[in-house]
Amino acid sequence: MAYTNNATLIRRELITRLAKLIMDDRLDEIDRIPLEMAPRNSKQESRCCPHKTRAVLKYRIMALLGFNIADEDDELTPLRDYAQRAIDRTEQAEGVLTVVDEACTSCHKKNYVVSNLCRGCVARPCMMNCPKDAINFVSGQAQIDPDKCVNCGICKNECPYHAIIYVPIPCEEVCPVNAISKDEEGIEHIDYSKCIDCGKCMIACPFGAIMAKSQLVGTLQSIKSEKPTVAIVAPSILGQFKAEYGQIANAIKQLGFDEVLEVASGAVDTATHEAEEFGEKMDEGQKFMTTSCCPAYVQAVKKHMPEVNEFVSHTPTPMHYTAKMAKEKMPDCTTVFFGPCIAKQSEGRMDPYVDYVMTFEELGSLFVAKGVDVLNCSDETPEGELPVTGRWFAESGGVTRSVLNYLPEETNIKQMAINGLDKKQITFLKKFPKLKMETNFIEVMACEGGCISGPGIVCNPKVAKRLLSKYMTK
Amino acid sequence: MEKVDVKICYGTMCYVMGGSHLEMLKDHIPAEWADRVHISASPCLDLCHNTENGKAPFVSVNGKIVSEANIEKVISTIKVVIKDGLYQ
């Protein structure tokens, strides 16, 4: 679950500063950001020195400009050049997440560490039971040879003093598909052929070493251009700012967007079609059907669960329907999706109706950069029917509730929700087609709690759930 | 007895910089203080424009500014006010 920590807040400050420079046409000052944020005499230093902090900040900005850090060809290339390349670019490099290698070196290479509680006992069961002969005693204490250790954990279980501890590698621990791993230098690399863009590693890394590449430059360039720009906002936005929907929509317009559409209206289409599709599939004798609106889950199926592929609903996502509505209304418009999700960016790149995908964190940072206070905006909303059933999509269980709403009463539906995709749930889903279970409808959300807990949120998920609850019953 | 006046800034800057969880402050106030503390949600307190005030999110406790506020910090400030009657 996403939470606020210093690494997150530094990212938000970076987005705000960068956005401000783009808005004010002052991108030539971009190389000053790391210097301003880490002055030479700064006292509070959590990396080794201000110079290291600056280097890391530089690379984090490079990611915000949309580049893979590994694509750096010359260390001397200033951010100014990258900014210009970002403005000129027409295509983005592969993958959404990128590792800032400069920031990633701090994790222990192996998961097991001997603490100073080791008494150097006579029995030495750690050494005696190590299958790889990886433990030696140096100055009366056990020591693990990282080159021999295979992370089996027997030594930890054997030690009578609990002196050997398990130290997780946070990013690897949370990755549901083993897409991130260390190279010989101990630096993490993401294998894009496995990565499902769920963003769990980004949230987990205590050193802020994993960044989602941003489409900030493209979005802000589009606002500046002559062509209209339409913001389409995910249903979970209702839990993001302590404000009425109208206030949020009007705040977005103050950023320069010409129109704001709720993706909840597209979600109504998704729910309606998914209900229809469910009826058809059950009539055809299909065993079960899963939802298709979570892009991290859909990628997980494609890359890791071929046996589930035929059971995934073919109904397009709420983002697709909403972006299509926008383009039908204004054919020359640019569409920018705002959501809690990082995986949506890769879905957006494949969708001809979606031009850019941004997070709520980026939206919040844009408000700050532009000096827009959401609570000071009018709460006037355009007239029309509220897409209530579509708004339910924001939390776990909500998609099912919405689909149920459009199913005929006599439908035989036995639902189940996968609330958060981890290694265990993936194993379970892979087995599911062969299990004898009555369940015939599975809602899958990669983030625990649903979209309101996504990696790109601003609001604490518990608070978001409260804020959202008033829209759930309407 | 006068109540301790706690104003949580709900300006967008404070919210984006991690202030959203202060919404849960009420749940963390010790029961014995419940009727001595008045918590209100305030529109932007206009503290973020002056770097001397520190960094967002901000909470005001009887006029004393708590910067980089979190639930712990706010509660310990309330404690000082209740025990010593400061910042009136």
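Which residues are linked into a cluster by ring pairs?

Modeller: The cluster is made up of Phe288(A), Phe311(A), Phe428(A) and Phe432(A), which ring pairs join together. This is a predicted model, so local features need pLDDT of at least 70 and side-chain atom pairs count only at pLDDT 80 or more, while totals for chains, interfaces and linings use all residues. Residues are numbered from 1 along each chain as its sequence is written, chains are lettered from A and ligands numbered from 1 in the order in which they are written, and side-chain values use heavy atoms, with hydrogens and water left out.

Over all chains there are nine aromatic pairs (rings of Phe, Tyr and Trp, the last by its six-membered ring, with centres within 6.5 Å; planes under 30 degrees apart are stacked, over 60 edge-to-face and the rest tilted). Phe257(A) and Phe338(A) form an edge-to-face pair, because their ring centres are 5.5 Å apart and their planes stand at 80°. Phe257(A) belongs to the loop between helix H10 (245-254) and strand S10 (259-262) of chain A, and Phe338(A) to strand S12 (residues 334-339) of chain A, so the contact ties together parts that are 81 residues apart in sequence. Helices (H or I, at least four residues) and strands (E, at least two) are DSSP runs numbered from the N terminus. Phe257(A) and Phe338(A) are buried (under 20% relative accessible area with a 1.4 Å probe and protein chains only; exposed is over 50%, partly exposed in between).

A second example, Phe278(A) with Phe441(A), is edge-to-face with 5.6 Å from centre to centre and 90° between the planes. Here Phe278(A) sits in helix H11 (residues 263-283) of chain A and Phe441(A) in strand S15 (residues 441-445) of chain A, so this pair ties together parts that are 163 residues apart in sequence. Phe278(A) and Phe441(A) are buried.

Chain A is divided into domain 1 (6-104 + 178-213), domain 2 (112-166) and domain 3 (218-473), with bounds from an automatic or database domain assignment. Between the C-alpha centres of domain 1 and domain 2 of chain A there are 38 Å.

The second largest pocket holds about 750 Å³ of space. On a 1 Å grid over the protein atoms alone, a pocket is an open set of points with protein on both sides within 12 Å along at least five of seven lines, a cavity is a set where a 1.4 Å probe fits but cannot get out, and lining residues have an atom within 4 Å of a point. Points are joined across faces, edges and corners, and a volume is the space filled by probe spheres set on them.

This pocket is lined by 28 residues, of which Val298(A), Gln299(A), Lys302(A), Glu347(A) and Met350(A) are the closest to its centre. Helix H12 (295-304) and helix H14 (344-350) of chain A each supply at least two residues of the lining of the second largest pocket, and H12(A) gives the most, with six residues. By class, the lining of this pocket has 11 nonpolar, 10 polar and seven charged residues (Ala, Val, Leu, Ile, Met, Phe, Trp, Tyr, Cys and Pro are nonpolar, Asp, Glu, Lys and Arg charged, and the others, Gly among them, polar). Domain 1 and domain 3 of chain A each contribute at least three residues to the lining of the second largest pocket.

H12 and helix H13 (318-329) of chain A each give at least two residues to the lining of the largest cavity, which divides into 22 nonpolar, three polar and one charged.

Among the 17 residues that line the second largest cavity, Ala212(A), Lys213(A), Ile342(A), Thr359(A) and Glu362(A) are the closest to its centre. Helix H1 (6-23), strand S13 (356-359) and helix H15 (360-370) of chain A each supply at least two residues of this lining, and S13(A) provides the largest share, three residues. Nine nonpolar, four polar and four charged residues line the second largest cavity, and domain 1 and domain 3 of chain A each give at least three residues to its lining.
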